[in-house]
Amino acid sequence: MEKYENIKKVNYEGVKSKNPFSFKYYDADRVIAGKTMKQHLKFAMSYWHTLNASGSDMFGGNTMDKTFGESGMKMFKKKADFAFELMQKLGIEYYCFHDVDIAPEGKTLEESVKYLEEITDYLKEKQDKYGIKLLWGTANMFGDKKFMSGAGTSCNADVFAVAAGKVKAAIDATIKLGGTGYVFWGGREGYDTLLNTDMGLELDNLAKLLTMARDYGRKKGFKGDFYIEPKPKEPTKHQYDFDVATCSNFLRKYNLTQDFKMNIEANHATLAGHTFNHELRTARINGIFGSIDANQGDLLLGWDTDQFPTNVYETTMCMYEVLKAGGFTNGGLNFDAKARRQSNTTEDILLSYIAGMDAFALGLIKAAAIIEDGRIDEFVKNRYASFDSGIGKKITSGKTTLEELSEYAMKLENIDVESGRQEYLEQILNTILFG
Ligand code: XUL
Ligand code: CO
């Protein structure tokens, strides 16, 4: 990695600019639908991809060096120095981390917690100096070999206890740094074969871990949101937190809906066979929309590629859902994304963030334009107009019975269902996107 001193501030220069190190759409203080772009988008840097991912894959080693020529705690301090300079140069005001992203791992939990305390002192100073905030924290409970059968769903009670200890320390770190969220991504909480799995016990135990985390956090004064991050597969064949609908059912069963919302990741949505906006919509209508892990997958590949998001159709429909949900409260847009293995320079990190931030800025502009234009919302409203009065109104307000509906239906002849007009609506979307 190059020295951060070489990174220059990235400014908004507009679409005509040919300067690769400028924003073409992201104009932080521009007001869209009543708020600045910065307030709407709440961009966050993911520590793991940006400071740690080094380009290795199943077939080859690192293509990037992110050690800063150091090791141990010294290296992690250098990473922090770089991270805060990078965020400042990009105008990113939030970041997210796992415990192991920010500090060395000790041989015991006790040793790891000591390192975490030392580095969070350092990060706190940096936050104050740079005016940068923590969006959310989490604990990595999937990397170490003891987590091979899961953490909260492990078959081994000692592993469950270590997981609980890690969650406690990561919640402490999150509170200390003023984070407004705490994430549970299901790591290896799932199974590879039911032949060796007690699914009922595993899910009950997972709920116990989440409940204890909630109780501990609240006791310590944490007022932010707890999040579950749905993902259907990878690393296990079947992850329990399959998608938003599955997680919603889990939260209801275990009485956790008051404190837990969804952290929705685009690439996880497509792995589940859904669109990103399907997942966002499902969360919105269930009152559990919380935060976003912004990235994109490759539909020709069957795994979690965590690419920087550049697909403007997706960012537009995402921001449409965010606007309709009333915007972020404790959540934000965390770039859970990494530069490709072949994009292996410091410049590529900057260019990746610029591309992702611009794609979301453009998505926000276009989403606001769709709402302002009104034709799509109006179409949907009119499509269901039969529920606004008469028998339809009786159905939606719960004031009818099967008998009454049957009697009503007996008298009906030739029912014409309105055209869905999909192509017409897609054409409207294109004219708004491309002018
Ligand atoms: C894994 C993933 C994680 C979570 C945090 O697919 O998305 O990085 O976001 O643990
Ligand atoms: Co994620």
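Colleague: Is isoleucine 292 buried or exposed?
Modeller: This is a predicted model, so what follows is computed from it. Isoleucine 292 is found in strand S13, which covers residues 289-293. Its relative accessible area is 0%, and buried means under 20%. Isoleucine 292 is therefore buried.

Colleague: How many Å apart are isoleucine 292 and phenylalanine 335 in space?
Modeller: In sequence, these two residues are 43 residues apart. In space, C-alpha to C-alpha, the separation of isoleucine 292 and phenylalanine 335 is 8.4 Å.

Colleague: Which residues does isoleucine 292 touch, leaving out those up to four places away in sequence?
Modeller: Contact here means heavy atoms within 4.5 Å. Among the residues that isoleucine 292 touches are Asn263, Ile264, Val322, Phe328, Gly332, Leu333 and Asn334. The list also includes Phe276, Leu280 and Cys318.

Colleague: How are helices H10 and H11 oriented to each other?
Modeller: Helix H10 spans residues 276-285 and helix H11 spans residues 312-324, with their axes 9 Å apart. The angle at which they pack is about 5°. Angles under 35 degrees count as roughly parallel. H10 and H11 are therefore roughly parallel.

Colleague: Which residues make the contact of H10 with H11?
Modeller: From H11 come Glu314, Met317, Cys318, Tyr320, Glu321 and Lys324. By class, the whole contact has five nonpolar, one polar and five charged residues. The H10 side is made by Phe276, Asn277, Leu280, Arg281 and Arg284.

Colleague: Which helix supplies the largest share of the lining of the second largest pocket?
Modeller: About 540 Å³ of space lies in this pocket, and 17 residues line it, with Arg281, Met317, Ile376, Val380 and Leu425 nearest its centre. H10, H11, helix H13 (375-383) and helix H16 (422-434) each give at least two lining residues. By class, the lining has nine nonpolar, two polar and six charged residues. The largest share, five residues, comes from H13.

Colleague: Which residues are closest to the centre of the largest pocket?
Modeller: The largest pocket holds about 1400 Å³ of space. Its lining has 13 nonpolar, 13 polar and 14 charged residues. Of the 40 residues in that lining, the closest to the centre are His49, Glu234, Asp304, Asp306 and Lys338.

Colleague: Which element gives the largest share of the lining of the largest pocket?
Modeller: At least two lining residues each come from helix H2 (47-52), helix H4 (99-102), strand S7 (133-138) and strand S8 (181-185). The largest share is three residues, and it comes from H2.

Colleague: What is the volume of the largest cavity?
Modeller: The structure holds five cavities of 30 Å³ or more. The largest cavity is lined by 14 residues, with Ala139, Met141, Phe142, Trp185 and Gly187 nearest its centre, and S8 gives the largest share of this lining, four residues. The classes are eight nonpolar, four polar and two charged. The volume of the largest cavity is about 100 Å³.

Colleague: Which helices each supply at least two residues of the lining of the second largest cavity?
Modeller: The second largest cavity has a volume of about 80 Å³. Its lining includes His49, Thr50, Lys338, Ile349 and Tyr353, and by class it has seven nonpolar, three polar and two charged residues. The helices that each supply at least two lining residues are H2 and H12 (346-373).

How values were computed: Residues numbered from 1 in each chain as written. Chains lettered and ligands numbered in written order. Predicted model: local features only at pLDDT ≥ 70, side-chain atom pairs only at ≥ 80, totals over all residues. Heavy atoms only, no water. Axes fitted to C-alpha atoms, helices over the stretch in contact; angles between N-to-C directions. Parallel < 35°, antiparallel > 145°, perpendicular 65-115°, else oblique. Nonpolar A, V, L, I, M, F, W, Y, C, P; charged D, E, K, R; others polar. 1 Å grid on protein atoms, 1.4 Å probe; cavity = no way out; pocket = protein on both sides within 12 Å on 5 of 7 lines; lining within 4 Å. Points joined across faces, edges and corners; volume = space filled by probe spheres on them. Buried < 20%, exposed > 50% of the residue type's maximum accessible area, 1.4 Å probe, protein only.
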